[in-house]
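Here is a briefing on one protein chain. Look over the sequence and the model first.

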Amino acid sequence: MAVVDEVKVRRSQAAAQERSKRTDWIPRYLYWALALDFIAMLVAGMVAFAVRFTPVPEEYHLPYLGLGVALPMLWVATLSIGRAYEARFIGVGWEEFHRVVRSGFVMTAIVATTAYATKTEIARGYVVIALPLGTLLTWVLRYRLRKRLHKRRGRGECMRRVVALGHRGALADLIKLLRKQRYHGMDIVAVCLPPALSQGEDAVREVEGVPVLGDFGRAAEVVKMLDADSVAVLACPEMDGVALRRLAWQIERDDVELVVAPALMDVVGPRISIRPVAGLPLLHVEHPELSGGWRLVKNLFDRVGALVILLVLSPLLVGLALAIRILDGRPVLFRQTRVGRDGRLFTIYKFRTMVTDAEARKAELVELNEHDGVLFKIKEDPRVTRVGRVLRRYSLDELPQLLNVLRGEMSLVGPRPPLPDEVARYEQDVRRRLAVKPGMTGLWQVSGRSDLSWEESVRLDVRYVENWSLILDLQILWKTWSAVFRASGAY
């Protein structure tokens, strides 16, 4: 008996050492984040001092030298109190960056209040430059640190081992998504199905190549056997509140993370809140912000943004128009009827990238369609001109749509603008895309473009409609530059 106990202890110690090796990147990542935060505010203080005091009076040397050292220390402390160093924010989501911005406001309030209370003379110009610049530098450095982590995860490093519970279809979708988007850092190593699907002669043995190791009742045992870091529970009636609570009790001893996906998918962020009612934690879902003041803000943002981009890129637009005119002849612009918000028709503008009789030749190429669903796409489309291939590769053919944005028919960010014959074949759920204006770019643009399946593009468009915010638009615009320069999924 003593020998058996000794073997169990050794196995437990070996498993603990293996997990420690697998997760030792987390404290290193947080140390780097802390160091970069300190450096960001230190540099910001130096820049603010150089800008505000030129030439530098000698009486300012010592006081502002001390302030330049104190600010980075106070900045790190403020971020720590603001919980900006929590491991659960590493790698995905924008909560980490939200906390950095909030900490910037808190830091400003602390400095202003302290200076007022102690009657300390601090140059306002110094504070106005140092704190916003430090916050911005912290944001940028953390973003670059995250991108390095994403590259490592793309190579299979820094991943969390996950045991997933749910129905076969939902699990298959999750596995495919996490394999495609490895930056989430979740590697599903096993799944557990409801008893009806995991037992008997007709039991499912694997889901998308991931082994099925039992039903929900064995989940804690499977976690321990595989030394998993997380348990992901997808919505299913068999996993009720009692079963979920028992599972949480079983895995808490091993410090295993438990994540639960709600039944309402693709609704995230501010729309979801948990409010206790009669002792029950109820998930409240607010309606999406599709009208009212925020709609006016989006319209103003779109039109001002489109006007600025047109003015900045006007030389490029003229050059592209001349290239098409000289090499491919007239017309330079391609006009086509598309469907906008609430089903209203409008004429979309693009630089012409195909031969003039492209629409007439489409019927000849239907059998070569490489896309599923209602879209028509061919990677090596014979109708595309030489200039058109370059324009399509970098989405330069889309730039005239800025005119559509100025006219209020499109947005800078939104769902893909569909053709009338596509809309005629829409199912009821897909028509949700028409609740907002179509966009020049969107989640579909930054998530794979033409490489996406029809179902994936629909899911992304609906997800955008359900979760729109000005911050989301800015995030998509930021990612669009990277997607365009990589030219991935463009044809």
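This is a predicted model: local features need pLDDT of at least 70, side-chain atom pairs count only at pLDDT 80 or more; totals for chains, interfaces and linings use all residues.

Residues are numbered from 1 along each chain as its sequence is written, and side-chain values use heavy atoms, with hydrogens and water left out.

**Whole chain**

- The protein chain has 17 helices and twelve strands. Both are DSSP runs numbered from the N terminus: helices are H or I with at least four residues, strands are E with at least two.
- Of the 491 residues, 42% are buried (under 20% relative accessible area, with a 1.4 Å probe and protein chains only).
- Among contacts with a separation of 6 or more, 71% join residues 24 or more positions apart. Contact means heavy atoms within 4.5 Å.

**Helices H2 and H5**

- Two packed helices are described by the angle between their axes and the distance between the axes.
- H2 spans residues 25-52 and H5 spans residues 124-154; they pack at about 150°, with axes 7 Å apart. Axes are lines fitted to C-alpha atoms over the stretch in contact, and angles run from 0 to 180 degrees between N-to-C directions.
- H2 and H5 are therefore roughly antiparallel (angle over 145 degrees).
- The crossing of H2 with H5 is right-handed: the near helix is turned clockwise from the far one by less than a right angle.
- Their contact involves 22 nonpolar, five polar and five charged residues. Ala, Val, Leu, Ile, Met, Phe, Trp, Tyr, Cys and Pro count as nonpolar, Asp, Glu, Lys and Arg as charged, and the others, Gly among them, as polar.

**Helices H4 and H5**

- H4 (residues 95-118) packs on H5 at about 160°, with axes 10 Å apart.
- This pair is therefore roughly antiparallel too, and H4 passes H5 in a right-handed crossing.
- Residues of H4 in the contact include Phe-97, Val-100, Gly-104 and Met-107; those of H5 include Leu-131, Thr-135, Trp-139 and Arg-142.
- The contact of H4 with H5 divides into nine nonpolar, four polar and three charged residues.

**Thr-353**

- Thr-353 lies in the loop between strand S10 (345-351) and helix H11 (358-361).
- Thr-353 is buried, at 6% relative accessible area.
- Its side chain makes a polar contact with the side chain of Arg-392 at 3.0 Å (N or O atoms within 3.5 Å, one able to donate a hydrogen and the other to accept it; residues adjacent in sequence count only if both atoms are side-chain atoms).
- Beyond neighbours within four places in sequence, Thr-353 contacts several residues, including Arg-383, Gly-388, Leu-391 and Asp-397.

Notes
Angles under 35 degrees count as roughly parallel, over 145 as roughly antiparallel, 65 to 115 as roughly perpendicular and the rest as oblique. Buried means under 20% relative accessible area, exposed over 50%, partly exposed in between (1.4 Å probe, protein chains only).
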